[in-house]
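Biologist: Can you walk me through this one? Keep it brisk, please.

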Amino acid sequence: MSSVAKSVARFVEYGKKIVCVGRNYAEHAAELGNAVPSEPMLFLKPTSSYLLQGNPIKFPPGCKELHYEVELGVVIGKGGSDIPESAVMEHIGGYALALDMTARDLQDAAKKKGHPWSKAKGFNTACPISTFVSKDSVSDPQNLSLWCKVNGVTKQDGNTKDMIFKIPTLISYISKYFTLEEGDLVLTGTPSGVGPVVSGDVLTAGLGDLVEMSFTVK
């Protein structure tokens, strides 16, 4: 592993932002009754929402409906802005598996008022994250299976080939608005099958045969 890859592998420690893409799988948009967007829909999570294995997922205050959403994370290895789609792969340092934990009831209440979703998406423990997956180990990031199980029962079973906006489009689009910096993480959306968890549930998720992770809900 190169020295650059070694440093990027520590993205959780020094990355400055988590940029998330909503409704990037048509079936997921449909299951929540949302229209498929005509351009990438972006929101942010603070890096304080990262959660490493061995630590529990916690309900944020006032939340009674907490949902899991499994996602492919793209780790930025080379910063830039206004990145052309043709150059995106040069800026990718690796990948990770993530859960975009969502306080669905808080999100629904915010949407009804036209308010931001920050509490619903950025609370402490809202971004369980796997170990780093090297770029070299992924031959095609647009053909990776994504799955999530709750207490051993498969709930999400998708593939990154079904993204509405592919990774080059996403990174290029995001970089027009936010300068991407080394260590930043881009979450690329979730396939269908999202749903609620309760205290004591065990969430297990995987990215092809590359990485698996497990978290308990407190």
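Modeller: Let's start with a hairpin. β10 and β11 form it, with 2 residues between them. In the turn, N151 has a positive phi of about 55°. Keep in mind that this is a predicted model.

Biologist: Is N151 buried, exposed or partly exposed?

Modeller: N151 is partly exposed, with a relative accessible area of 47%. N151 is not a glycine, yet its phi is positive.

Biologist: How many bridges join β10 to β11?

Modeller: There are 6 bridges between strand β10 (residues 145–150) and β11, and the two run antiparallel. V150 stands opposite V153 in β11.

Biologist: What sheet does β11 belong to?

Modeller: An open sheet of 4 strands, with antiparallel pairing. The order is β11-β10-β14-β15.

Biologist: Which strands are at the edges?

Modeller: β11 (153–159) and β15 (211–216). Each of these edge strands pairs on one side only. From one strand to the next, the twist averages 15°.

Biologist: And what joins β14 to β15?

Modeller: Strand β14 (residues 202–207) and β15 are joined by 6 bridges and run antiparallel. L207 stands opposite V211 in β15.

Biologist: What lies over the face of W147?

Modeller: K149 does, at 5.1 Å from the ring centre.

Biologist: New topic, aromatics. How many aromatic pairs are there?

Modeller: The count is 4 aromatic pairs. One of them is F11 with F132: 6.4 Å centre to centre, 50° between the planes, tilted.

Biologist: Where do F11 and F132 sit in the chain?

Modeller: F11 is in helix α2 (residues 11–14), and F132 is in the loop between β8 (127–128) and β9 (133–134). They are 121 residues apart, so the pair links distant parts of the chain. Both F11 and F132 are buried.

Biologist: Why is the pair of F43 and W117 tilted?

Modeller: The planes are at 55°, so the pair counts as tilted. Edge-to-face would need over 60 degrees, and stacked under 30. The ring centres of F43 and W117 are 5.6 Å apart.

Biologist: Where are F43 and W117?

Modeller: F43 is in strand β2 (residues 41–45). W117 is in the loop between α5 and α6, 74 residues apart from F43. This pair also links distant parts of the chain, and both residues are buried.

Biologist: You mentioned α5. Which of its residues are buried?

Modeller: In α5 (residues 104–113), R104, L106, Q107 and A110 are buried. Seen down the axis, the buried residues of α5 fall within an arc of 160°, so they line one face of the helix.

Biologist: What covers the buried residues of α5?

Modeller: The cover includes β4 (66–68), β7 (102–103) and α6 (118–122).

Biologist: And which exposed residues are on the face turned away?

Modeller: K112 and K113 are the exposed residues carried there. Just after α5, G114 takes a positive phi of about 75°.

Biologist: What about T125, what is its phi?

Modeller: T125 has phi near 75°, a positive value in a residue other than glycine. T125 lies in the loop between α6 and β8.

Biologist: Is T125 buried or exposed?

Modeller: T125 is buried: its relative accessible area is 9%, and buried means under 20%.

Notes: Residues are numbered from 1 along each chain as its sequence is written. This is a predicted model: local features need pLDDT of at least 70, side-chain atom pairs count only at pLDDT 80 or more; totals for chains, interfaces and linings use all residues. Side-chain values use heavy atoms; hydrogens and water are left out. Buried means under 20% relative accessible area, exposed over 50%, partly exposed in between (1.4 Å probe, protein chains only). The arc is that of the directions from the helix axis to the C-beta atoms. Contact means heavy atoms within 4.5 Å. Rings of Phe, Tyr and Trp (its six-membered ring) pair if their centres lie within 6.5 Å; planes under 30 degrees apart count as stacked, over 60 as edge-to-face and the rest as tilted. A charge sits over a ring if NZ of Lys or CZ of Arg is within 6 Å of the ring centre and within 35 degrees of the ring normal. Two strands pair if DSSP finds at least two bridges between them. Axes are lines fitted to C-alpha atoms, for helices over the stretch in contact, and angles run from 0 to 180 degrees between N-to-C directions.
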